[in-house]
Amino acid sequence: MDTFEDILDKYPKFRLDQAKRDLFKDLIGNWQDSTVLPKDLKGELEDKFPIDISAETVVSKEGDTIKAVIELEDGVVIETVLMRHRDGRNTVCTSSQAGCPLNCAFCATG
């Protein structure tokens with residue numbers, strides 16, 4: 001089975017950076033939304049590595065935390081929280097396991 005990098009290895013090296021930028025900065029919802037990748041690469045990525053995130057987003061009353069509840073393909077639910085701090089910093093907590101049991105006082109999940 002090909003990995004993400006294996007597929008992009010067939011293309012010029014800058015394509016991997018473009019694909020990562022599409023995913024992690026531009027936050028595309030599917031590969032067809034990419035404005036920089038060639039059509040054949042978008043098709044191959046859509047086929048082998050589809051972007052399919054089913055998520056519910058919850059914003060706190062103050063707007064300082066945004067929680068995303070993400071359901072994985074196997075039905076397991078994970079959570080991630082963006083925390084905007086008064087000093088201008090932003091931090092993200094991403095559960096590394098399904099059902100985070102930590103109950104952190106600062107977390108919108110806890």
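Leaving out neighbours within four places in sequence, Asp22 is in contact with Leu27, Ile28, Ser34, Val36 and Leu37, where contact means heavy atoms within 4.5 Å. Asp22 sits in helix H2, residues 14-24. Asp22 is buried, yet it has no salt bridge. Buried here means under 20% relative accessible area, exposed means over 50%, and partly exposed lies in between, with a 1.4 Å probe and protein chains only. A salt bridge needs a side-chain nitrogen of Lys or Arg within 4 Å of a carboxyl oxygen of Asp or Glu. The nearest side chain of opposite charge is Arg21, at 6.2 Å; Lys and Arg count as positive, Asp and Glu as negative, and His and the chain ends are not counted.

This is a predicted model, in which local features need pLDDT of at least 70 and side-chain atom pairs count only at pLDDT 80 or more, while totals for chains, interfaces and linings use all residues. Residues are numbered from 1 along each chain as its sequence is written, and side-chain values use heavy atoms, with hydrogens and water left out.

The protein as a whole has three helices and four strands, and their order from the N terminus is α-α-α-β-β-β-β. These elements are DSSP runs numbered from the N terminus: helices are H or I with at least four residues, and strands are E with at least two. Of the 110 residues, 25% are buried. Among contacts between residues at least 6 apart in sequence, 19% join residues at least 24 apart.

Next come the aromatic rings. Rings of Phe, Tyr and Trp (its six-membered ring) pair if their centres lie within 6.5 Å; planes under 30 degrees apart count as stacked, over 60 as edge-to-face and the rest as tilted. By this rule there are two aromatic pairs. The ring centres of Phe4 and Phe49 are 6.0 Å apart and the planes stand at 90 degrees, so this pair is edge-to-face. The pair links distant parts of the chain, 45 residues apart: Phe4 belongs to helix H1 (residues 4-9), and Phe49 to the loop between helix H3 (39-48) and strand S1 (54-59). Phe4 is buried at 15% relative accessible area, whereas Phe49, at 24%, is partly exposed. Ring pairs join Phe4, Trp31 and Phe49 into a cluster.

Strand S1 also holds Val58, which is partly exposed at 35% relative accessibility. Setting aside neighbours within four places in sequence, Val58 is in contact with Thr65, Ile66 and Lys67. Val58 and Val69 are 11 residues apart along the chain, and their C-alpha atoms are separated by 8.2 Å.
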